[in-house]
Amino acid sequence: MKGGQQVQGLLDFIDASPSPWHAVKSIEARLAAFQFIKLEEADKWALDAGGRYYVIRDDSSIIAFVAGPKSLVETGFKIIGAHTDSPGLRVKPNAANAMDGYLRLGVEIYGGPILATFTDRDLSLAGRITYKNDQGTITSTLIRFDNVLLRLPNLAIHMNRNVNEEGLKLNKQSELPLILSLLTQEQVPPSYFASLLEKQSGINAECILFWDLNIYDTQKGTFWGAENEFYADSQLDNLASCHAAIEALLDELILKSDSTLVCALFDHEEVGSESNKGAHGSFLPDILQRIALANETGREDFARALAKSFIISADMAHAYQPNFPYAYDPDHKIIVNQGPAIKVNVSQRYSSESVSEAMFANWCEQAEVPYQRYSHRNDLPCGSTIGPIASAKLGIRSVDVGNPLWAMHSIRESAGVLDHNYMIRVMKRFFAG
Ligand code: CO
């Protein structure tokens with residue numbers, strides 16, 4: 001099926017990215033293959049016309065850009081934004097605890113996952129650990145367990161007779177700790193957990209100080225459906241949009257653009273974006289300003305450049321599921337494999353307005369990509385994206401778009417193969433236009 005290869009690329013990217021820290025590492029490797037140069041925020045910058053660069057803030061947000069040879073005043077910035085994080089479970093600081101003969105790991109809820117989907121899955125751990133190295137310097141490294149390390153076994157129906165009528169309800173404090181091991185006489189839970197981290201990372205347990213550890217699903221992504229027209233994986237919201245943005249940028253023709261092209265991929269969207277590396281922070285404004293300064297663009301010209309700029313905020317949208325018709329506005333059903341959705345919310349949970357919507361629709365037409373229009377039911381609260389935040393901070397016109405997705409915030413989400421291809425094509429059109 002058309003787009004199959006691109007989706008395989010996406011599934012491979014997700015396999016390599018069991019946490020936002022790993023996602024940024026994977027993107028960095030992809031950019032390196034196209035001769036992108038890493039910039040440090042603490043250094044002085046000198047940018048070449050047509051140069052390819054990226055900046056990482058705190059390991060889990062990344063901005064990649066091509067410094068177009070034409071002046072910023074003339075072209076503005078062409079920006080695609082998305083987020084690297086996904087809702088789920090994160091390991092608590094004093095995580096390992098003994099309970100009735102079992103060793104469990106305490107977790108905290110990150111964002112708004114569908115908790116019931118975390119039961120009976122082949123879970124493991126990945127993220128970042130921070131430690132003191134031999135020189136006494138504090139440093140961080142990524143860590144990933146490949147084996148199935150953890151599980152949240154469901155309660156048998158015999159003890160939860162109404163589960164099919166009432167759904168699976170999990171107490172967020174007492175019923176989420178994950179089972180790691182049987183407790184033995186010799187084990188002291190915290191040091192046992194530290195020894196696991198030591199074995200996996202090669203770093204002395206005493207030197208490991210703190211961590212950012214994500215619970216991930218070890219099951220690989222897959223195609224499904226009679227014609228392999230669908231695919232399923234974890235973290236599709238929003239690694240699918242990150243992947244589409246990067247794929248759109250990494251095209252030799254696009255990379256020779258006259259304009260300055262930007263992919264801004266932020267952590268912390270699922271918890272409100274308010275952090276030094278979130279879309280509500282200074283990361284994107286800082287980097288755009290630094291690009292302008294390196295080009296000796298004055299304050300007025302920078303403001304003129306922003307006025308000419310555009311942001312596509314790409315995040316997944318709610319695909320219509322025919323078993324649950326009551327959950328959708330009947331006039332705004334978006335269908336899998338019928339193209340990206342332009343998301344509209346007059347309360348500005350989405351940044352789209354009629355002009356930006358029309359501009360996106362126009363790029364779709366130029367790229368021969370179908371598009372759909374999405375509006376949430378009035379009697380249900382609507383989610384949001386980085387779109388309204390980034391657009392408000394910078395005063396840049398923006399549109400919110402996203403591919404149809406089933407089961408948003410489940411540990412196993414699904415989407416359509418054609419749509420991924422469509423999204424990459426329209427993003428290329430935007431960058432090339
Ligand atoms: Co999202």
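Author: Four donors are called tetrahedral if all angles lie between 85 and 135 degrees; four are square planar, and six octahedral, if opposite donors are over 155 degrees apart and all others between 65 and 115; anything else is irregular. A donor is an N, O or S atom within 2.8 Å of the metal (3.2 Å for Na, K and Ca), and sites may look incomplete, as water is not among the atoms. The model is predicted: local features need pLDDT of at least 70 and side-chain atom pairs pLDDT 80 or more, while totals for chains, interfaces and linings use all residues. Residues are numbered from 1 along each chain as its sequence is written, and side-chain values use heavy atoms, without hydrogens or water.

The cobalt ion is held by His83 through NE2, by Asp237 through OD and by Asp315 through two OD entries, at 2.0 to 2.6 Å. The angles among these 4 donor atoms run from 52 to 134°, and the site is irregular. Along the sequence, the donor residues follow the spacing H-x153-D-x77-D. Asp237 and Asp315 link distant parts of the chain, 78 residues apart: Asp237 belongs to helix H6 (residues 236-249), and Asp315 to the loop between strand S14 (310-314) and strand S15 (317-318). Helices (H or I, at least four residues) and strands (E, at least two) are DSSP runs numbered from the N terminus. Both Asp237 and Asp315 are buried, that is, under 20% relative accessible area with a 1.4 Å probe and protein chains only (exposed is over 50%, partly exposed in between).

Turning to the interior, strand S13 (residues 260-266) has 7 of its 7 residues buried, so the strand is largely enclosed by the rest of the structure. On one side of S13 lie Thr260, Val262, Ala264 and Phe266, on the other Leu261, Cys263 and Leu265, and both faces are covered. Strand S3 (residues 61-66) runs antiparallel to S13 and is joined to it by 5 bridges; strands count as paired if DSSP finds at least two. In this pairing, Ile63 has Ala264 as its bridge partner. Strand S4 runs parallel to S13, with 7 bridges between them, and Ala82 stands opposite Leu265.

Leaving aside neighbours within four places in sequence, Ile312 is in contact (heavy atoms within 4.5 Å) with Ile79, Ile80, Gly81, Phe360, Trp363, Val399, Val401 and Phe430.
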